[in-house]
Each structure stands twice: as structure tokens, then as C-alpha cells.
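Have the model open while you read.

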Amino acid sequence: MTRIAGRKDSPAKGGSQRQLEIPALLTVKELAGMLGVSGVEIIKLLMNYRIMANLNQAVDFDTAAVVASDLGYEVVEKPTPQAEAISSKEVKEENPQPRPPVVTVMGHIDHGKTKLLDAIRQTNVVASEAGGITQHIGAYQIEVSDRKITFLDTPGHEAFTAMRARGAKVTDVAVLVVAADDGVMPQTREAISHARAAGVPIVVALNKMDKPGINVDRIKQQLAEEGLVIEEWGGDTVFVPVSAKMKQGISDLLENILVVAEILELKADPDLSASGVVIEAGLDKTKGALATVLVQKGTLKPGDAVVVGDAWGKIKAMFNDAGKRVKKAEPSTPVKILGLSGVPHAGDDFVVFTNDREARSTAEKRQQEKQLRLLKPIRPVKLDDVYAQIKAGQAKDLNLILKTDVQGSIEPIRDSLQRLGTDEVRLKVIHTGSGAITEGDVLLALASKGIIVGFHTAPTVGAQRMAESDGVDIRLYNIIYDLIADIERALKGMKEPTYAEVVEGHAEVRAIFAAGRHAKAAGVYVSDGLLRRNALIRVIRSKEVILQSSIASLRRFKDDVKEVATGLECGVGVDGFNQFAVGDVIEAYRKDKVDESAH
């Protein structure tokens, strides 16, 4: 599939623009027919943007819109059949009824999330069904005082955000589990950021209250520092002490979840044809493709013709979380369904169609689109594009994920960044943390259309690969001024040229010796690449960067040299730095200007 990236708007020919509706994906030949010109002319226009295409090559909406604009057309994206089906259902939503809340439980590892979910489930198992939970479907529904609550049992906040990154808005309420003996931990902070980015209210469950010597006020203070001020302290965060192990406080937690749900006034129309989202899916050796789905609108029934992601089928049977067959699933109800042509993905939508033919046709269309391009539900934001988006009225918020080497750096940087907001765009630091940039940070950036900013830190290998694959912008800085200035220039449309770092070599410090009256030099062994005089360097000690500077002098034996290659020893001097230690690593690098026109 072909698309134009980084293209500046070109004036339309002919002054006034004609309106045209085009699909999300089409061939060059189809585009030429819609625009009333020859395929050759379209190919020539694409060549202007360095795209070599043939008549049967597919282009996406953005690329087609650029070409259409050059020919004097103003275009809008044509809704897909499934989108039209969903929107038509929304129009007919005439009987909204209260629905159960959908709750996701999140928290730091080992804080008792799984034990809490088990305790909630077990307290709601009727005596005759004790031990009768035959299968686990990733979601279950319980009943409290004649009212239902649906719990999603996800592996954690990253899975929760991965579903949102695919376009699925599933959760109404997030329960944050905090261990009373540990308090707020790094993953607790991440879970708070992920829940906030999803725009869902947070209920805090303070677990392990059965342990001795618990200081509840300390936990309340830690939560307040993260912006979760409990009701007792004048805030709006619901705070419930529980013990999953002793099964204490569970009823109180459930009642509070229902109170929060009541405030949200959750409603859906059960009379519509069903639509919703896939929670998990897999392949069974005997039953074929299985999918656990959450019904969000309408009522799902056996015999319904459904499209689930790019699979389709007629529902043969539905099962609840106790493994019992059910004849219907109303809004907020999770069920496992049989009868699909293939295995969908978590986060895929499902829609009921009026007949098999319509369902099959839509599924085949989706399969074609999937083959032509990797469907990404959102287009990641690039810092270089922010000003253009602000001017186009597309950007109202710039979301940043801030990671630093140490916790103490976070507050001054965050405060400086938050002052940069303008009348046109709000700058929001939606998550902060210390340590390496992780895959979870990349997922959060993808789901919230955010940019990751690293200060004296770097992404893990997995995070770097994920960011490159999904197009998430990671910006790394070692000087606070540069970080703040770069973001400010982007907001004001004065972005300076982009430079890419190229590592030239590494050397290990093996000796330190005098190099003048007060100066010291390092005797080093070049382990890879080369060292050049005047090259930019980092001095790394115990995996932490302790200095950024440049090489002032480079000597082999008694001679000044311009560069030293791999496998050789030399003396290195750095202006004003005498604190070398044996074992330090010197990383030499240069900054190359990135040619933006090539993108």
C-alpha cells in the first residue's frame, strides 16, 4: 500500500473546490475514475511526491486526498459498511436502559489483583454452584443487591491500553489495587496514568489490610501526591480498605463501584441488533474459533450473523463464564461465542448484520483492507507535525509521557512543560516515571496519541522496536533547556532542524594520569568504532551517563592524533573534567542533520 508522508499542503487548481467522497482504500485506477482523469495523470502526480505506483496499486485515504486536492477536489472519507451499520443503529437508539458497569482491575504486580478478583467471584457463587466454575473466559458478571457488575480480567494495564490503542473503549470504572504494606509503586503510577488517559473514574482498593502495622495515612498521602485525593480529605476518589485473603471489605467495594456507576448514568438500548468488542479469542481443537465478546449495545442471540474483526459467522452457541449455554446477552454482558470463520483479535469490534451474505461481504472487505495495509486505528502524533495540526484545528491537546533517569528530575521538568500550553493547545503530561522507556510507555503514547520525552534515559530494545513499528515519536534529551526549548518551538511552529545521533565508537578507561598542572587524562582502550578529536562524547559509569562533553585532546604515545581506531590504546583529555574512574565507558557520537524532505 502507498501513502504520502510529511507532505505540505499544495494549492488546489481552479480556485473553488468540488466535494467528493472516497473510501479509506482504493486503487490508482479507481481514484482516476472518481476524479475523471487518466490513470497516467494520477501516476504522474504521485511521482511528484516520490511515489512510484502502477494502476492496480492501492493508496490510502490520505494519499488520495492529496492527489484530489491538487486536482481541485475537497474530499471526505466514505464510511465503511460496518461503520454505516453501526451509525444507523445509533440513530435508532430509542429505548436506552440502565446497564451494568464494566470494571477493569489494575495495579502493581504482587499487590493482590488476582486474589481480589477471585474473592469477588467466590463471594458471588451460589452454594449449589460451589466449585462449578468450569471455565475462565476473561470476563465475568456478578450480582450485588439485584444489580450486576461486569469484571474484565485483563493481564494488566498494558493489555487494557493495548485494546484502547486498537480503538476499543471498553471500561467504565477502573479499580486500582494498592497493597497496604507496599503503598504506591512504579506500576501503580503507570496504572493511574493509563486509567486517566482512558478517561475513566478510579476506585482505590487498599488490599492486604489483614497485615500488622499498616499505616493507612501514608498510603493516602502517596495517592494524593499522584492526584488521587480521597473523599475523606475533600477529594472525589473512592477509597475502600479490603483484604482479598480474608475476604473482608469485598461487599463494601462492590457497593462503592455501584455508587460510582450510578453517577455515570450508564445506559444502552437492548432492542437494537448487537454490537460490541472482543475481550479475548483463541482456537479450540474440537470447537474451532472461539471469542469472548462484551456486548455494548443491543442484544446478542444464537443464530445472529456477525462480523468480528475480519472474521464472520453465524453464532452456533453462547456460553456465560460458568460454562452454561445462554439464549441472549444484553448490554455489558460477556459471553463466549462459537461459529466464527477465523480467530479475531482482542480489541476488534463485532457487529450483527441482517443476513449471512451481508456479513460475509463485509468480512471479505475487511480482509482485503488488512492485506493491503496494517490497519492502525490511530495515527501517532509527531512533534514536527504539532504546529501544522494546531493550525488545522486538529490538535487541542499535546499529550506527553515523561521518563527520566531519577525521580527528582520529574517535578521541575513537568512544571516547566506544563507552563508551555497556549490558547490553541493544552500541553498535558499524562504519565511520568523514572527508568528506561518501556513497551508500556509506547502503548500509552499510541493509545493517547502522545509523544514520549526521555531525559537522561533511553528506550529498551523492545520499546524501540515497538515505537518504530507503530510510528510513536520518542525524543531523548540530556539538557533540560534543550528539552523545554524543543517542545516550545514545536508548539509555536519554530521547530529547528532535526538531528539524529550516530554512535561512532566506545572506549574503556583503563588508567588515569596527570596531563598538566591540574588536569587529568584517561588512558583508554578503543573497544569498537573509533574516537575522533572534538567528537561529542558521553562518559558512562555503572550504566548511567555522568557527563556529556567533547574530546579536547587525543594522544598516541607522545603524538597528537586526529583519530584512534578499534583495538588501539590512547590518551583522552576532556576540558574541565578530572573525575575519570577505571571502568568508565566513553561513548563517542556525532549528530547528523535529518533530511525532512526524504520522509
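1. Start with helix α1 (residues 28-35) and helix α2 (residues 39-48), which pack at about 110° with axes 8 Å apart. Axes here are lines fitted to C-alpha atoms, for helices over the stretch in contact, and angles run from 0 to 180 degrees between N-to-C directions. Helices (H or I, at least four residues) and strands (E, at least two) are DSSP runs, numbered from the N terminus. So α1 and α2 are roughly perpendicular to each other (angles of 65 to 115 degrees get that name, and those under 35 are roughly parallel).

2. A word on where this comes from: it's a predicted model, where local features need pLDDT of at least 70 and side-chain atom pairs count only at pLDDT 80 or more, while totals for chains, interfaces and linings use all residues. Residues are numbered from 1 along each chain as its sequence is written, and side-chain values use heavy atoms, with hydrogens and water left out.

3. Who touches whom? In α1, Val28, Leu31, Ala32 and Leu35 meet Gly39, Ile42, Ile43 and Leu46 of α2 (contact means heavy atoms within 4.5 Å). That contact splits into 7 nonpolar, 1 polar and no charged residues. For the classes, Ala, Val, Leu, Ile, Met, Phe, Trp, Tyr, Cys and Pro count as nonpolar, Asp, Glu, Lys and Arg as charged, and the others, Gly among them, as polar.

4. Now look at helix α13 (residues 439-448) and helix α14 (residues 461-470), packed at about 20° with axes 8 Å apart. That makes α13 roughly parallel to α14. Glu439, Val442, Leu443 and Leu446 of α13 make the contact with Gly462, Ala463, Met466, Ala467 and Asp470 of α14. By class, this contact has 6 nonpolar, 1 polar and 2 charged residues.

5. Next, the axes of helix α12 (residues 410-418) and helix α15 (residues 480-492) come within 10 Å and cross at roughly 25°. α12 is therefore roughly parallel to α15. Ile413, Ser416 and Leu417 in α12 meet Ile480, Leu483, Ile484 and Ile487 in α15.

6. Finally, the largest nonpolar core has 26 residues, and among those with the most contacts inside it are Leu116, Ile120 and Phe151. Such a core is a set of buried Ala, Val, Leu, Ile, Met, Phe, Trp, Tyr and Cys residues joined through side-chain atoms within 4.5 Å, and buried means under 20% relative accessible area (1.4 Å probe, protein chains only). Its largest share, 6 residues, comes from α9.

Methods:
Angles under 35 degrees count as roughly parallel, over 145 as roughly antiparallel, 65 to 115 as roughly perpendicular and the rest as oblique. Buried means under 20% relative accessible area, exposed over 50%, partly exposed in between (1.4 Å probe, protein chains only).
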